[in-house]
Amino acid sequence: MRKLIIIAIVSIFYLIMASCSKRQAEEIQPDVPVPGPPASAVSYSTFVSPLLQSRCAGCHGAGRSAAGIWTFNGHASVVSSAARIRSSVLVNKTMPRGGTLSAAELSSLQTWFDSGLPNN
Ligand code: HEC
């Protein structure tokens with residue numbers, strides 16, 4: 001009887017140890033890489049401004065053909081029309097008219113919107 005109890009205790013001990021080491025092995029697994037730069041790296045001045053300057057300003061810059069619909073003129077002009085820009089570029093993808101943004105550009109732009117439209 002005593003032998004049985006000892007065997008039971010030893011088995012339970014091994015079971016606990018086995019489940020612990022399995023859990024630790026799962027925790028050590030590296031994180032799955034997330035596409036796109038970290039949120040802190042995407043700011044208006046470093047990424048969004050140059051992108052909009054090259055892909056939107058030709059039509060939406062001051063005095064250009066589509067300036068009446070939205071005029072691209074610095075951070076404030078993007079923040080004040082953020083919802084329209086977000087829907088036309090990221091949701092409906094109707095802008096930039098006559099072109100497309102790369103998957104990486106779309107992903108970085110999404111990150112910038114998600115992180116609250118930081119200027120710097
Ligand atoms: C080739 C010219 C052209 C380019 C390049 C262009 N747009 Fe436009 N955009 C237009 C025209 C024309 C309209 C109005 C007609 C329409 O909505 O399709 C418009 C409309 C818009 C609107 C208003 C949409 C609405 O529903 O209120 C936004 C916002 C906008 N563009 C943002 C952008 C952004 C951001 C880019 C760059 C990523 C861009 N556009 C590039 C010509 C352009």
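Which residues coordinate the iron atom of the ligand? A few notes on this one, bearing in mind that the model is predicted.

1. The iron site. His60 (NE2) and Met95 (SD) coordinate the iron atom of the ligand, at 2.0 to 2.2 Å. The two come from distant parts of the chain, 35 residues apart: His60 sits in helix 3 (residues 57-60), while Met95 is in the loop between helix 5 and helix 6.

2. Geometry. The iron atom of the ligand has 6 donor atoms around it, and the angles they subtend run from 87 to 178°, so the arrangement is octahedral. For reference, the ideal values for six octahedral donors are 90 or 180 degrees.

3. His60 has a relative accessibility of 11%, so it counts as buried. Met95 comes out at 27%, which puts it in the partly exposed class.

4. The core. The largest nonpolar core holds 21 residues, and Val78, Leu109, Trp112 and Phe113 have the most contacts inside it. Helix 2 (44-55), helix 5 (82-91) and helix 6 (103-114) each give two or more residues to this core, with helix 2 supplying the largest share, 5 residues. Take Val78: beyond four places in sequence, its contacts are Tyr44, Leu52, Trp70, Phe72, Ile85 and Trp112.

5. Ser77. Worth a look too: this residue belongs to helix 4 (residues 75-79) and is buried, at 10% relative accessible area. A polar atom of the Ser77 side chain lies 2.7 Å from the backbone nitrogen of Asn73. Setting aside neighbours within four places in sequence, Ser77 touches Trp70, Thr71 and Phe72.

Key: Residues numbered from 1 in each chain as written. Predicted model: local features only at pLDDT ≥ 70, side-chain atom pairs only at ≥ 80, totals over all residues. Heavy atoms only, no water. Core = buried A, V, L, I, M, F, W, Y, C linked by side-chain atoms within 4.5 Å. Buried < 20%, exposed > 50% of the residue type's maximum accessible area, 1.4 Å probe, protein only. Helix = DSSP H or I, 4+ residues; strand = E, 2+ residues; numbered from the N terminus. Contact = heavy atoms within 4.5 Å. Polar contact = N/O pair within 3.5 Å; in protein donor to acceptor, adjacent residues only side chain to side chain. Donors = N, O, S within 2.8 Å, 3.2 Å for Na, K, Ca; no water. Tetrahedral: all angles 85-135°; square planar, octahedral: opposite > 155°, others 65-115°.
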